[in-house]
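Please study the sequence and the structure shown below.

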Amino acid sequence: MDYLVIANLFLLLFLGVADNQVIAALLPNFVESFKVTVSQAGLLVVVYSIAAAVAAFASGVLSDHYGRRWFLRAGVALFALASWFSGHATSFASLMGARCLTGLAAGTLSTCAVAFAGDWFPYSVRGRAIGLISSAYFVAPIVGVPVAAFIAQRYGWRQAFFVFAVLAFVVVFVSLTLPREQPHPQPSKEKLRSTLRSFRSFLGRRDTSAALGIAFLVSGGLVGFITYIGQWLSTRFAVTTGTIGLIFAFAGAVAVVSAPVGGILSDQMGKRNATIAGSVVMGLAVAFIPFLRWGAVLLLVFGATSMGAAFRQGPLTALMTELVPGTQRGTFIALRNISSQLGIGVAVFAGGILYQAHGYAAVTTLCAAMTALVAILLATHIVEPQPTVEEIR
């Protein structure tokens, strides 16, 4: 197990995830600062998702031919610059522009980090490796969100983005230790033909087309649920931004344990089965959240959503990286991430309308239904890949 690669990819994913998740904690600050509605503030997530989808497509396709490492380094440098611009935003429009740049960076990081992991680790241990890497999705609520929320409450939300800019600048230098790859460059015309053939193949196959639908539902169901929970807690229970950050920290602590456990167990029980189990737990918990009173039970159920999401993250990612050959992996992960970002954009946009019209329970109903569909598609459309002869030996 190459822990230097794991550490690099962990840090790169952590940046984008922590930055994106902190929006949920800071949403009340944006509503107050710029005098916008909750649904308008939610557009920050929508534009981020659209930009991330565009970047995922470009970086995923090109990295199949030129390697992932260069894109990871460029992505983290752009992330540092975009975070700095976010902190200097003087209007809601300028903040949206900065978040668009951040989305471009994050889309590149998430696509190429996952593809790099798929290239580097054999499928027989990929669940464990990606389980460790994807724990970044859940360390973020423990470290990134509470720290950013504390800074925002104490010094203003702009300072939180400056902290992300400094951290990204440090990670730029850390990324220099990523090992060299063996890219497979092709003539320009052949690259285009190869990419178009890959697209037709992915959309025409039952399993890969279902996997793209699963990506849409997984990300939309999770981010739609998370985006408005901070506003709901603030409005219904008068919870402060700092306390919201601590709630995310608690959920993150649960997830940090669940993510590697899910990855390790999936190498024995199967990636598909582990993903189905996590989705069932998360879907049930999400459905119950808005009907609970403030207290320990609410925190425990919120922790259960985090546990289910974390448990399935590594297995699902490992499963998707094995559905296509390595020479097409970046292109497929790009399509997967585009589908994910579209899912986020649709769920957050629809969630904002539902929240304004019917309250948070309508949002969680949508997200729980999306999560349930994940389990159904996995059970009916995805077959667990088998290890190769070399891996068995």
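**A guided reading of the model**

Lysine 35 is found in the loop between α1 and α2 (38-41). The structure is a predicted model, and every value in this account is computed from it. Is lysine 35 buried or exposed? Its relative accessibility is 68%, and because exposed means over 50%, lysine 35 counts as exposed. The backbone of lysine 35 also deserves attention, for its phi is positive, at about 55 degrees, although the residue is not a glycine. Most residues other than glycine have a negative phi.

A second residue with this feature is alanine 238. Its phi is near 55 degrees, again a positive value in a residue other than glycine. Alanine 238 lies in the loop that joins α12 (229-237) to α13 (241-269). With a relative accessible area of 62%, alanine 238 is exposed.

The protein contains 18 helices and zero strands. Its radius of gyration is 20 Å, close to the 21 Å that the globule rule gives for 393 residues, so the protein is as compact as a globular protein of that length. Taken along the principal axes, the C-alpha atoms fill a box of roughly 55 × 40 × 35 Å. What share of the 393 residues counts as buried? The figure is 59%.

The surface and the charges may be considered next. The accessible surface comes to about 15300 Å², and 69% of this area belongs to carbon and sulfur atoms. There are 25 positive and 13 negative side chains, and the centres of these two sets lie 7 Å apart.

The protein has 16 aromatic pairs. In one of them, the rings of phenylalanine 34 and tryptophan 157 have their centres 5.6 Å apart and their planes at 55 degrees, so the pair is tilted. Phenylalanine 34 lies in helix α1 (residues 3-34) and tryptophan 157 in helix α9 (residues 157-174), so the pair ties together parts that are 123 residues apart in sequence. Both phenylalanine 34 and tryptophan 157 are buried. Elsewhere, one aromatic cluster is formed by Phe225, Tyr228, Trp232, Phe237, Trp294, Phe302, Tyr355 and Tyr360.

Which residues are in contact with serine 86, leaving aside its neighbours within four places in sequence? They are Leu95, Ala98, Arg99, Thr102, Trp157 and Phe161. Serine 86 has a relative accessible area of 0%, and because buried means under 20%, this residue is buried. The C-alpha atoms of serine 86 and arginine 126 are separated by 35 Å, although the two residues are 40 residues apart along the chain.

A contrasting case concerns serine 124, whose place is in helix α6 (residues 123-134). Serine 124 and aspartate 267 are 143 residues apart along the chain, yet their C-alpha atoms are separated by 6.5 Å. At 32% relative accessibility, serine 124 counts as partly exposed.

Leucine 132 also has its place in helix α6. Its relative accessibility is 27%, and leucine 132 therefore counts as partly exposed. Apart from neighbours within four places in sequence, leucine 132 is in contact with Tyr3, Ile6, Phe10 and Pro260. Between leucine 132 and tryptophan 84, which are 48 residues apart along the chain, the C-alpha separation is 29 Å.

Where does arginine 336 lie? Arginine 336 lies in helix α16 (residues 329-358). At 8% relative accessibility, arginine 336 counts as buried. Not counting residues up to four places away in sequence, arginine 336 touches Val114, Leu212, Ala215, Thr317 and Met320.

Methods. Residues are numbered from 1 along each chain as its sequence is written. This is a predicted model: local features need pLDDT of at least 70, side-chain atom pairs count only at pLDDT 80 or more; totals for chains, interfaces and linings use all residues. Side-chain values use heavy atoms; hydrogens and water are left out. Helices (H or I, at least four residues) and strands (E, at least two) are DSSP runs, numbered from the N terminus. The radius of gyration is taken over C-alpha atoms; the globule rule is 2.2 Å times the number of residues to the power 0.38. Buried means under 20% relative accessible area, exposed over 50%, partly exposed in between (1.4 Å probe, protein chains only). Accessible areas come from the Shrake-Rupley method with a 1.4 Å probe; for residues, only the protein chains shown count as cover. Lys and Arg count as positive and Asp and Glu as negative; His and the chain ends are not counted. The place of a charge is taken as NZ of Lys, CZ of Arg, CG of Asp or CD of Glu. Rings of Phe, Tyr and Trp (its six-membered ring) pair if their centres lie within 6.5 Å; planes under 30 degrees apart count as stacked, over 60 as edge-to-face and the rest as tilted. Contact means heavy atoms within 4.5 Å.
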